[in-house]
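Work through the exercises below with the sequence and the model open. Each task is followed by its solution.

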Amino acid sequence: MKRFALLMVALFAAAGITTASAAELTGTLKKIKDAGVIKIGHRDASVPFSYLDDQQKPIGYGVDICMKIVDKVKAELKMSNLKVEFVPVTSQTRIPILTGGNIDLECGSTTNSLERQKQVDYAPTYFVTGTKIIVKKSSGIKGYDDLKGKTVVYTQGTTNERAMKAYNDEKNLGIKFIPSKDHAESFLAVQTDRAAAFPMDDVLLYSLRAGAKNPDDFVVIGEFLSDDPYAIMMRKEDPAFKKVVDDAVIGLYKSGEINAIYKKWFESTIPPKNINLNFPMSEGLKEAIKNPNNTGVGACGKMKC
Amino acid sequence: MDFSFLSQPAFSGGGTYLGWVITGIKWTMLVSIFAWIIAFTIGSVLGILRTTKVIWLYGPATVYVEVFRNVPLLVHLFIWYFVVPEIVPRTLGLWMKQGMPMPEFWSAVLALGFYTASRVSEQVRSGIQSIPRGQTQAALATGLTMPQVYRHVLLPMGYRIVVPPLTSEFLTIFKNSSVALTIGVLELTAQARSISEYTFRTFEIFTLATVVYVLITLTVVVIMQVVERRLRVPGYIGTGK
């Protein structure tokens, strides 16, 4: 038993050391310069923000904006040969991977929430969306309250999961939840009738629907259960790096370059299936571009928790 | 390390995060034990069949073992969960997805059980085949039939010989049960992941999960040591004294 106790002490000690080194890691610019490489976290199925094309290369609206930030970092560090390394992340792993130092920027479809702000810093909002649900047209579901006693699939680690669960708790709907690991898998659960609905940011639902075999079989319904401003994440307490990132993003807004990037991903055909989302810029996003900000939202959407 | 978050009220569903950990332990145990029942039963039958000399007995058993042990566990899981409901008749498939209680749990049990059965079968076969052929011949010479030889000579010895490797398989099934999180069974590892997502206490919760896995497997080891001591044949292998 003594040996077992020793083993446990060693385990705890090891965990302690890791925490300490993660906290000491400051100065992302220095880290990038020393390593000669900037690491970018991307998603695999957040169309059109951050996803893989048919050559398994990360592309998207968020990735494009991140590449503009990389240009700015190159200029700042005077390193024209700075290498870019892409690291895939999921809804669940994005924050630990970022705070652990394995990526320097997360360019996905991440909601700026007040709770996450305790862990990470955000660049100015670059997209504004909110939680809705996608259902099969034939299911006859018209609103959230029709989900009473039904099965709902959610992607683990999303703000939509919380908004839906908070709604369920408040209205006592008795929904049965099944977790899934990414948006593609969640939507598959709806397609195969395993779940009746999938709550997600509406723009992602429209893009999933557009990529489906029979888009007309599905509808996106409901009022916004939550407001979700998207922003690029970086590590906290790193003002020098944050300034470079903010300047790069605000620069895109001021120069109007953002409009071209937006048009490319939301109002033109995009790979890999050559679909056009036809998703014009919302008033919320126009406002966020006019007055760049990184205001976060509460954890449970419009419900209390 | 600060474990005070465990007693905090959890985000949803009432209860505390400690409650989530306990539900996780419950599902880990249930998946593992049900899967072990399948693995041990089917594995034993297959292992015995593979030692026979009749081709239509050992042939199918060999095919089963080679197919099941050569395909990754994760693929097994996905086949049971995603593929099987789509290839059976539509009403049955719908029932598997919606009507059946806890579809993800039973998929995990079947996948883990049938996969581990192929491994158990190899242990059982090696146990039986390690018994000197002279014992079978002697038993036949005394007038026992082949089934009686299995029942009274080969199986009682064979199973005793393979208790240690079967212990390893039993431990492995507890650890492999964590793969079930990929289809949404909220077992211990899945709960640890979602608690870390909600509380950002990643190091604490995974340390706790590690300790729990070690405790579960140590308990299994202790129980199996007792079984081994009770069952061993005096003067045969592994006894020493």
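Two residues are in contact if their C-beta atoms, placed from the backbone, lie within 7 Å. This is a predicted model, in which local features need pLDDT of at least 70 and side-chain atom pairs count only at pLDDT 80 or more, while totals for chains, interfaces and linings use all residues. Residues are numbered from 1 along each chain as its sequence is written, and chains are lettered from A in the order in which they are written.

**Exercise 1.** List the contacts of L105(A), leaving aside its neighbours within four places in sequence.

Solution. On one list are I40(A), G41(A), C66(A), I69(A), I232(A) and M234(A).

**Exercise 2.** Which residues have the most contacts inside the largest nonpolar core?

Solution. Start with the term: a nonpolar core is a set of buried Ala, Val, Leu, Ile, Met, Phe, Trp, Tyr and Cys residues joined through C-beta atoms within 7 Å, where buried means that 20 or more other C-beta atoms lie within 10 Å of the residue's own. The largest core has 45 residues, and those with the most contacts inside it are I65(A), C66(A), I69(A), L105(A), I232(A), V245(A) and V249(A). Helix 3 (residues 61-77) of chain A gives the largest share, 7 residues; helices are DSSP runs (H or I, at least four residues), numbered from the N terminus.

**Exercise 3.** How many residues of chain B are in contact with chain A?

Solution. The contact joins 20 residues of chain B to 25 residues of chain A. On the chain B side, helix 10 of chain B supplies the largest share, 5 residues.

Methods
A residue is buried if 20 or more other C-beta atoms lie within 10 Å of its own, exposed if 12 or fewer, and partly exposed in between; C-beta atoms are placed from the backbone. Helices (H or I, at least four residues) and strands (E, at least two) are DSSP runs, numbered from the N terminus.
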